[in-house]
Amino acid sequence: MPGRRSVVDYSLQRRAVLADVHAGRAGLFEVCDASPYLSRAAKYHGQQTDVTCPVCRRDRVTLVSYVYGDRLGPVAGQAKTEAELARMDAAQEEFSVYRVEVCRSCGWNHLDCSYVLGAEPEPGRQSRRGRRRVATEK
């Protein structure tokens, strides 16, 4: 997505978790704990990948993107497809996206990356939330 900025990649953390699992320092019950809501979001809003699940190796992982932001209202916390993210990027003020990879077979899930989309605030101008209201006198 072209408007991405402030990208944080969690692949090193993912690698460390998987190393712990394969070495026996972490159990499968600790990493294969996807909630029913996450599994359902993967089914209806997720983007299937060609990456095989690193835990069960039976299924491909699905990427699910969740949006959060002060100005999103009831949309905050919802899973969105790539097409919905592109529309929101063009129409919304700045908001955060958290992308999770999930295996619908075994329940493996891990935060893949996070980034910011939406209209950037103008330099020197506070966001609507950060503004102070000043009473005017007559």
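In the predicted model, arginine 4 lies over the face of tyrosine 115, at 4.2 Å from the ring centre.

The protein chain contains 4 helices and 6 strands. Read from the N terminus, these elements follow the order β-α-α-α-β-β-β-α-β-β. The protein chain has 138 residues, of which 34% count as buried. When contacts between residues at least 6 apart in sequence are considered, 60% join residues at least 24 apart.

Helix 3 spans residues 36–45, and its buried residues include Leu38, Ala41 and Ala42. Viewed down the axis of helix 3, the buried residues fall within an arc of 100 degrees, so they line one face of the helix. The face turned away from this buried side carries Pro36, Tyr37 and Tyr44, which are exposed. The cover over the buried residues of helix 3 includes strand 3, strand 4, strand 5 and strand 6.

Helix 4 comprises residues 82–91, with Leu85, Met88 and Asp89 buried. These residues cover an arc of only 105 degrees around the axis and therefore lie on the same side of helix 4. Arg87, Ala90 and Ala91 are exposed on the other side of helix 4. The buried residues of helix 4 are covered by elements that include strand 3 (60–68), strand 4 (79–80), strand 5 (95–102) and strand 6 (109–117).

A pair of aromatic rings is described by the distance of the centres and the angle of the planes. The count for this model comes to 1 aromatic pair. The pair is edge-to-face, because the rings of tyrosine 68 and tyrosine 98 have their planes at 70 degrees, over the cut-off of 60 degrees; the ring centres are 5.8 Å apart. The pair links distant parts of the chain, as tyrosine 68 belongs to strand 3 and tyrosine 98 to strand 5, 30 residues apart. Tyrosine 68 has a relative accessibility of 39% and so counts as partly exposed. Tyrosine 98, with a relative accessible area of 32%, is partly exposed.

How values were computed:
Residues numbered from 1 in each chain as written. Predicted model: local features only at pLDDT ≥ 70, side-chain atom pairs only at ≥ 80, totals over all residues. Heavy atoms only, no water. Buried < 20%, exposed > 50% of the residue type's maximum accessible area, 1.4 Å probe, protein only. Helix = DSSP H or I, 4+ residues; strand = E, 2+ residues; numbered from the N terminus. Arc of directions from axis to C-beta. Contact = heavy atoms within 4.5 Å. Phe/Tyr/Trp six-rings, centres within 6.5 Å; stacked < 30°, edge-to-face > 60°. Lys NZ or Arg CZ within 6 Å of the ring centre and 35° of its normal.
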